Amino acid sequence: MKTILVGVDGSPGADKAVEFAAREAAAHGAVVRLLAAWEVPASVLSGGGVPLELYKNFEAEAQSLLTAAAARVRELEPSVQVEQRTAEGHAGNALVDATADADLVVIGRRGHGGFTELLLGSISHQVADHSKCPVVIVPWEKGRD
Amino acid sequence: MDTIAVLINGSEEAAASIEFGAREAALRHCALRLVAVWEVPASILGGGVAGQEVYDEFRETAESLMAEAVAKAAELAPDVPVETRVVKGQPGPAFIEESRDATLIVAARRRHPGIKELVMGSISKHIVSHAERPVVVIPLLGRGQSSRSEGSE
């Protein structure tokens, strides 16, 4: 196992996925590849042209989620090498595409709604359905940490 | 000792799941629990009651799948302790019940003949939705691409 892909969206479920991936990567000597997908919601697009800054904001948000997740991996498993990637588009599609080039993909089961909503309710099913590599779905329930 | 639970739900599915589960168990120094669940489908019962021989046949099929699974696990990870459970019930809920205390749960995504796209079966969907532990879903892809990491370790 060389590359462990993780979907990152800042939700508690995704945090659990990052932790699982860090441990798994340490056990296998694998690289953790963090992927944060972002897209401008249709509700925003429907207003017509979208200012360039808005796109930049969304991408910057994804970058900052990746930075936080990478820090968490290093905190848990300092020896594990981390890659950070952003993708513009639907999180489920971006993750499924990225599985072609991974040995394992780890996702959390619950998202938190909002900016990257969807990641991990319906998305966990989408990835489990269409992944090219084994998928780990890490559950997270409020109050059951 | 921690336990990795693996669903044995078909020959091909079991082979893929055991390959993953056995490797993880060896690496993490866990035990393997192989779980085969059988039931007589409603379509066979047809609203009536099936004879004992029908139940025996389904149970024996599960047991022979299990024997195959045990042999495969022993071959892949001879040092990993293996526990087996053959239970009657609905596959999804019964597997969840039998793997409640496991640290990791492994099931393969079933192949649906005739459907070009491989879609997660209702059993793995149930497991993904209800498990309280991390679940691994192994995709069954075409021959030669089922384990990209093969030989990489």
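B:T103 touches B:D2, B:T3, B:I4, B:C30, B:R133 and B:P134, leaving out residues up to four places away in sequence, where a contact means heavy atoms within 4.5 Å. This threonine sits in the loop between α4 (91–98) and β4 (104–108) of chain B; helices (H or I, at least four residues) and strands (E, at least two) are DSSP runs, numbered from the N terminus. B:T103 is buried, with a relative accessible area of 19%; buried means under 20% relative accessible area, exposed over 50%, and partly exposed in between (1.4 Å probe, protein chains only).

The model is predicted, so local features need pLDDT of at least 70 and side-chain atom pairs count only at pLDDT 80 or more, while totals for chains, interfaces and linings use all residues. Residues are numbered from 1 along each chain as its sequence is written, chains are lettered from A and ligands numbered from 1 in the order in which they are written, and side-chain values use heavy atoms, with hydrogens and water left out.

Now for chain B as a whole. Its secondary structure comes to five helices and five strands, laid out from the N terminus as β-α-β-α-α-β-α-β-α-β. Of its 153 residues, 46% are buried. Among contacts with a separation of 6 or more in chain B, 75% are between residues 24 or more positions apart. The accessible surface of chain B is about 7700 Å², and carbon and sulfur atoms hold 50% of that; the areas come from the Shrake-Rupley method with a 1.4 Å probe, and for residues only the protein chains shown count as cover.

Helix α1 of chain B (residues 11–28) has 18 residues and should span 26 Å at 1.5 Å a residue, which agrees with the 25 Å between its end C-alpha atoms; the expected span is 1.5 Å times one less than the number of residues. Buried residues in α1(B) include B:E13, B:I18, B:F20 and B:E24.

Over in chain A, α3(A) has 25 residues and reaches 37 Å from first C-alpha to last, close to the 36 Å expected. Its buried residues are A:F58, A:A62, A:L65, A:L66, A:A69, A:A70, A:V73 and A:L76, and their cover includes α1 (12–28), β2 (31–38) and β3 (82–88) of chain A. A:T67, also in α3 (residues 52–76) of chain A, is partly exposed at a relative accessible area of 48%.

What about the interior? In soluble globular proteins, nonpolar side chains tend to be buried together. A nonpolar core here is a set of buried Ala, Val, Leu, Ile, Met, Phe, Trp, Tyr and Cys residues joined through side-chain atoms within 4.5 Å. The largest has 61 residues, and those with the most contacts inside it are A:L34, A:V106, B:I8, B:I18, B:L32 and B:L34. Its largest share, eight residues, comes from α3(A). Apart from this core lies another, of 35 residues, among them A:L35, A:A91, A:V127 and A:I137. Beyond four places in sequence, the contacts of A:V106 include A:I4, A:V6, A:F20 and A:V138.
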